[in-house]
Amino acid sequence: MEDNLIPLSSLKKKTTGKITSIDGGHQIKKRLQAMGIYDGTYVSVKTKQPFHGPLTIEVRGTQMTIGRGMANKIRVEVIE
Amino acid sequence: MGNPNVGKSVVFSRLTGAQVISSNYPGTTVDFSKGKMRLNNETVEIIDAPGTYSLEASNRAEQVASDIMKEADVVICVIDATNLERNLYLCLELLEQNIPMVIALNLWDETKHLGIHIDEKKLEELLEVPVIPTVALTGEGIKDLVEKINDASSPEKIKPTSQEGRWIEIGQTIKQVEHVEHRHHTIRDTISDITIKPLTGLPIAIAIIFTAFWFVRLIGENLISYIFEPLFEQVYRPFITSFADTLGEGFLYNFLISQTYGTIDFVESLGMITTGLYVPIAMVLPYIVAFYFILSLLEDTGYLPRLATLVDNIFHKLGMHGYGIVPVFLGLGCNVPGMLATRTLETRKQRFIAATLLSVSVPCVAQTSLIFAMFSDEKIQGNLSYAPIIYILMVFTTLLCLYFIVGYILNRFIKGESPEIFLEIPSYRTPHLKTTLKKTWMRIKWFIKDAVPWMFFGVFLINILYTIGVIQFLAELFKPLMNTLFGLPGETSIVLISGFLRKDLAVGTLLSFPAGTFSSFQLVIIATMLTMFFPCVATFAVMIKELGIKDMLRSVLIMITVATTVGIILRLILL
């Protein structure tokens, strides 16, 4: 089970994960939450930009681009 | 109020009859607009707030939205029906504020294409506020919306709760009102995928940008040669010639028509109503028209957030994030809207870098068309050893490199945070030609109303300074510097100094020197420095407003230092 927990940034393309924790400041958590990203949310990775660029993810049918650093702080459980 | 990119501004313009710009990317309405509408035979004021995902603001545009809400009597919450779940979050936050509210379920027509079924009656029942499906673009449902404003209510049921609490409520609501059919991968999804994947996305981005600028030139040139030139040559010239004859020689003639008595040349005469009118109207405006049309088209499709994703990496090194490309794009048209767009960046550091880079190395259409005009002038061309485009490319490459170098340095030395990109990628929409044209027209109108008067003011001021000899005095003062620092003939000082207020005059002055005064590389240096030095009075005014006096002065100091340094470096390389 523990092995399944990885940062969102390490989630492979076209796979889905379930958020288990967000390790960030109050400010970041608030912004993510306003967009519907919080513990228990399902996230899938659409694309990743090279050289530590941002990730494009899909949450609740909406696509968004999120910086790599931010994605590093989000831990997910790999689903498929 | 509502999330970004849900059509608030279109709803607003439907309600008020006012024309407001909307586009398929977050952050068009960075300021609020006010309008009036008739309601129950009374005139009420209605405000279009910038889009926000939450009342807890993360940038200045969102702060504006949150502040406006506090003063409202009734809130119209505009929701993107294709994205109900996310949109309901702000809705719940608003409901917790106990302000009477109605909900407009906008983009209702899109839900049908996407196989989304929403039970709006059930939603109304659950939230206890009126819910009206609308298609703002066509005006469907707007009448209903107006009628229901009277029924706006603030339900007792919804109590302030935590963020998680809201999402749980939303989850339960969605289960009861929304049903989504399984969706096949559409062409739209495929296009969306290939334009954001780095491997295919980057070449596509380069192709799109090149095509866009190619079209801008094509449209602009045709507008000039078929409409604006003939207008000036055939209609305006006879009029101005007879006017000049009645005026006769003297101070007024010099001020209005030309510094030298004789045939009028629209570019070189430098009078208020000759060059002063010709340059902004016949040389700049056509490109403004072309530029805004193409930009509006690009915006409406929803391409820009994808471009922001692709370039995020580069912009991150410059202390901004991918969204920093939006001010650059707008700035290539006119620096003023570019400055305003810096508001969508989150921190002071990011805004400062974006604004400074914009004024230093992003040429507006006026500057660009003057650079083109300068190198395509016959007199100048006789002196060039290569095709004009080579020199023009040299100027632009220098500016582009500067953008990166200066940005990189500023990022190192300016304190403050640079948050990462976090941006919604809207689905592609087919632009609605009428809306795009309307938007283009709005922007042109804005340009004529807000930017052109400043240009005239510059013309006016400089013509006075010229006539009383201040410019000549300053030029004389800086003459020796020109040669020692930049390897330019002393006469250039007058070009650069008048360029502070009037780029058109600068080019006009340049062209009025006898052929062979400048070598081709000297012209490259002059063109580059002219672009980098003071943007224009209008941009200046906005910079003070956006950055504050202190930061504006710092920004100007950076600009002068950079422009001088670059002048010296170019001299060492080229001459």
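Mentor: In the hairpin formed by strand 4 and strand 5 of chain A, two residues lie between the strands, and Arg60(A) adopts a positive phi near 50°. Most residues other than glycine have a negative phi. The structure is a predicted model, and confidence within chain A is highest in strand 4 (residues 55–59) of chain A, at a mean of 91. One of the pairings sets Glu58(A) against Gln63(A) in strand 5 of chain A.

Five of its five residues are buried, so strand 5 of chain A is largely enclosed by the rest of the structure. In a regular strand the side chains alternate between the two faces of the sheet. Here both faces are covered: Thr62(A), Met64(A) and Ile66(A) are buried on one side, and Gln63(A) and Thr65(A) are buried on the other.

Strand 5 (residues 62–66) of chain A also pairs with strand 8 of chain B, in the antiparallel sense and over four bridges. Within this pairing, Thr65(A) stands opposite Leu423(B) of strand 8 of chain B.

The pairing between chains belongs to an interface in which 26 residues of chain B contact 24 residues of chain A. On the side of chain B that touches chain A, the elements contributing two or more residues are helix 3 (84–96), helix 7 (163–177), helix 12 (304–317) and strand 8 (422–425) of chain B. Sorted by class, that side of chain B comprises ten nonpolar, eight polar and eight charged residues.

The hairpin may next be placed within its own chain. Chain A contains two helices and six strands, arranged along the sequence as β-β-α-β-β-β-α-β. With a radius of gyration of 11 Å, close to the 12 Å that the globule rule gives for 80 residues, chain A is as compact as a globular protein of that length. Its C-alpha atoms fill a box of roughly 30 × 30 × 25 Å along the principal axes. Of the 80 residues in chain A, 40% are buried. Where contacts in chain A join residues at least 6 apart in sequence, 58% of them link residues at least 24 apart. The mean pLDDT of chain A is 86, with 96% of its residues at 70 or more; confidence is lowest in helix 1 (residues 26–34) of chain A, at a mean of 82.

Chain B has 25 helices and eight strands. Its radius of gyration is 27 Å, close to the 25 Å that the globule rule gives for 575 residues, so chain B is as compact as a globular protein of that length. The C-alpha atoms of chain B fill a box of roughly 80 × 55 × 45 Å along the principal axes. Buried residues account for 47% of the 575 residues of chain B, and among its contacts with a separation of 6 or more, 71% are between residues 24 or more positions apart. Chain B is divided into domain 1 (8–180) and domain 2 (199–236 + 275–574), whose C-alpha centres lie 38 Å apart.

Positive phi values also occur in chain B. Leu107(B), which is not a glycine, has a positive phi near 60° and sits in the loop between strand 4 (101–106) and helix 4 (108–114) of chain B. Leu107(B) is buried, since 24 other C-beta atoms lie within 10 Å, and the threshold for that class is 20 or more. Glu128(B), likewise not a glycine, has a positive phi of about 60° and is found in the loop between helix 5 (120–127) and strand 6 (131–133) of chain B. Glu128(B) is partly exposed, with 14 other C-beta atoms within 10 Å.

Note on methods
Residues numbered from 1 in each chain as written. Chains lettered and ligands numbered in written order. Domains from an automatic or database assignment. Contact = placed C-beta atoms within 7 Å. Nonpolar A, V, L, I, M, F, W, Y, C, P; charged D, E, K, R; others polar. Pairing = 2+ DSSP bridges. pLDDT = per-residue confidence, 0-100. Buried ≥ 20, exposed ≤ 12 C-beta atoms within 10 Å, placed from the backbone. Rg over C-alpha atoms; globule rule 2.2 N^0.38 Å.
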